[in-house]
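Have the viewer open and follow the points in order.

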Amino acid sequence: MSPELIGIIGIVVLLVLIFMRVWIGFAMTAVGLVGYWILEGWTRTAVMIGTEPFSQISDLTLATIPLFVLMGAVISNTNLGKDLFETASKWIGSIRGGLASATVLACAAFAAVCGHTSATSITMGKIALPEMKRYKYNEKFAAGACTAGGTIGIMIPPSIAFILYGLITQVSIGKLFLAGFIPGILQAVFYMATIMIITRIKPDWGPATSQKFTMKEKLGSLKLSGPVMLIFLIAIGGIYLGVFTPTEAGAGGAFAAIIISLIAKRLKWPQFKGTMLETTMMTGMMIALMAGAYIFQRFITVSKVPFLISDSIAAMGLGKTQFMLVVVFFYLFLGCFMDIFGAIILTIPIIMPTVNALGINPVWFGVIVVRLMEIGLITPPLGMDVFTFSGAMKIPTGTVFRGIAPFVLADFLHLMLLLFIPQLSLFLAGGGM
Amino acid sequence: MNKFIKWFVSIPAIVAGSVLILIMLLTTLDVIMRFFFNAPITGSSEITQRFIIVAGFLGIGWCALNNQHIKVDILVGKLPPKGQKVFTIFNYLVVGIISALIGTQSFKQAALVKKMHVQSQLLGIPNFPFYYVVSVSYFILFITILFLLVMTILNKNPEVEDHES
């Protein structure tokens, strides 16, 4: 049996294990281990599984993940997300559909310090949904705004998805962060435009509120959300100017979040303990996934499957455009049922040689993949974030799906823009196609 | 037993969290020293590279106990509880075998690395304790999985019951 065939069988077995609900990181480890054993023998495999977890995880860049997770967990557990929503609602909440737009803005701001989709939508949903209900907003429209807003979480830096992509492809994480910034802001603008159009057609879905705020009150609302946004600006500005590495930005951001929470008297021992355990849990999940991915990658490399795929695509005469079309459908489909982290770790090592062979900019490709996965997370019938949000908020799934439909349409328009104008992603990252 | 396993797994998780706080403080201090005093902390990256092993791996058991490892539920989630139980047990068997294997091999590797005096270049930090951390972490995971497996067989795994209902 040729190594390529063993590699393909390995991928099929991996998919079977994943659909049998085996934890993805361990399914990858199991297949990687057995496949490597068949191809390279037990002695090498034993050394590989003994050394790989240490040698691959003891990576300075990998520390970026838990540090940004810690920053997000501090902000989430100390209720600073509520301040972000209150600030946004004081500034734009009184206009028609304003609370929904404020939710999207707060999601974008929260995303800037959190980096996780369902965490963003649920945090904001818990805060914004009761408010929107109070002002007689249409339930499906309100739920749609919260769930769609949550997806901005993995586009606006710091994004855990970009960190994982960067670690696997060896593309600069700083560049990926910068590349996600304009698309993330544009995404929020697209959602707010959608809200404006919807409330123009159906004014009773998001009525204007009678509450008016003075400039003093508006500025006063920046007391806590201002510093939170400042953390983001310093961290990302520092990366852009080359003052910090992403790891340093993560450490500084987490440190600043703790200090702000302490000054605001929001971080007591129970919150701190909860934050630590939550961060450890998320880190443990990521590390198991990464360790599995590296072992699987070793097997896939010796099987030469990525090169087989790359050669086959070259033989088929697929150009960049056709390849990207396949990528669009593939990741939209994958995003419907698989977590973005799992999908990136599973597919990128296999697909990357082809991306490089076709001369596609890996930074731009990363942005497109993350964007596609975001859309997949809220696309019917299987959008994972919709189920998570509906379960957490006790709103029927069908209601959320109906509410999210116009936002998905906006997502596709936004995706087209990113596909046809790569400079939107590459301008800040300083690269060309 | 429930209380014991929670304690057994949460202690390493708290150690992992504390080490992460240390990484945060060290990195922030390094940036401040470099930026304001042009005097970065020597070998801070070497320390972080090793500490991330502790902060990362010691939490995998805690993550397992809380049923937080990433999985795809699309097919098995549609099965009746008894069918789901079979797949849950199968998952635990796969994870259990993998964790025992990596735990054992990392332990052997740690002994080898100790014998060979492998250490970091700048500060001379020995590598073997961190191989042991990897090994211990996977053994903690193994024990957690063993516990979850027994509880699932006895229909007493609350995480699984919640999930499957």
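1. Start with A:Asp411, which forms a salt bridge with A:Arg371, their closest N and O atoms being 2.3 Å apart in this predicted model. A:Asp411 sits in helix α20 (residues 397-420) of chain A and A:Arg371 in helix α18 (residues 362-378) of chain A, so the pair ties together parts that are 40 residues apart in sequence. Both A:Asp411 and A:Arg371 are buried. A:Glu374 joins these two residues in a network of salt bridges.

2. Next, please look at A:Arg298 and A:Glu52, whose side chains meet in a salt bridge (2.8 Å, N to O). This pair links distant parts of the chain, 246 residues apart: A:Arg298 belongs to helix α14 (residues 269-303) of chain A, and A:Glu52 to helix α3 (residues 42-57) of chain A. Are the two partners buried or exposed? A:Glu52 counts as buried because its relative accessibility is 3%, under the 20% limit. A:Arg298, at 32%, counts as partly exposed.

3. A:Glu131 is partly exposed, with 24% relative accessibility. Over all chains, the structure holds seven salt bridges.

4. Now to the place where the chains meet. Here 65 residues of chain B are in contact with 59 residues of chain A. The area buried between them is about 5300 Å², and carbon and sulfur atoms give 80% of it. B:Met24, B:Ile70 and B:Val72 supply 14% of the area that chain B buries against chain A, more than any other three residues.

5. How many salt bridges are counted between chain B and chain A? The count is one, and A:Glu248 and B:Arg34 make it through their side chains (2.7 Å, N to O). On the side of chain B that touches chain A, α1(B) gives the most, with 17 residues. A:Glu248 lies in helix α13 (residues 246-263) of chain A and is buried, with a relative accessible area of 11%. Among the residues that A:Glu248 touches are B:Thr27, B:Asp30 and B:Val31.

6. A:Leu5 lies in helix α1 (residues 3-19) of chain A and is partly exposed, with a relative accessible area of 40%.

Notes
Residues are numbered from 1 along each chain as its sequence is written. Chains are lettered from A and ligands numbered from 1 in the order in which they are written. This is a predicted model: local features need pLDDT of at least 70, side-chain atom pairs count only at pLDDT 80 or more; totals for chains, interfaces and linings use all residues. Side-chain values use heavy atoms; hydrogens and water are left out. Helices (H or I, at least four residues) and strands (E, at least two) are DSSP runs, numbered from the N terminus. Buried means under 20% relative accessible area, exposed over 50%, partly exposed in between (1.4 Å probe, protein chains only). Contact means heavy atoms within 4.5 Å. Buried area is the accessible area (1.4 Å probe) that two parts lose on being put together, summed over both. A salt bridge is a side-chain nitrogen of Lys or Arg within 4 Å of a carboxyl oxygen of Asp or Glu. Lists of a residue's contacts leave out its neighbours within four places in sequence.
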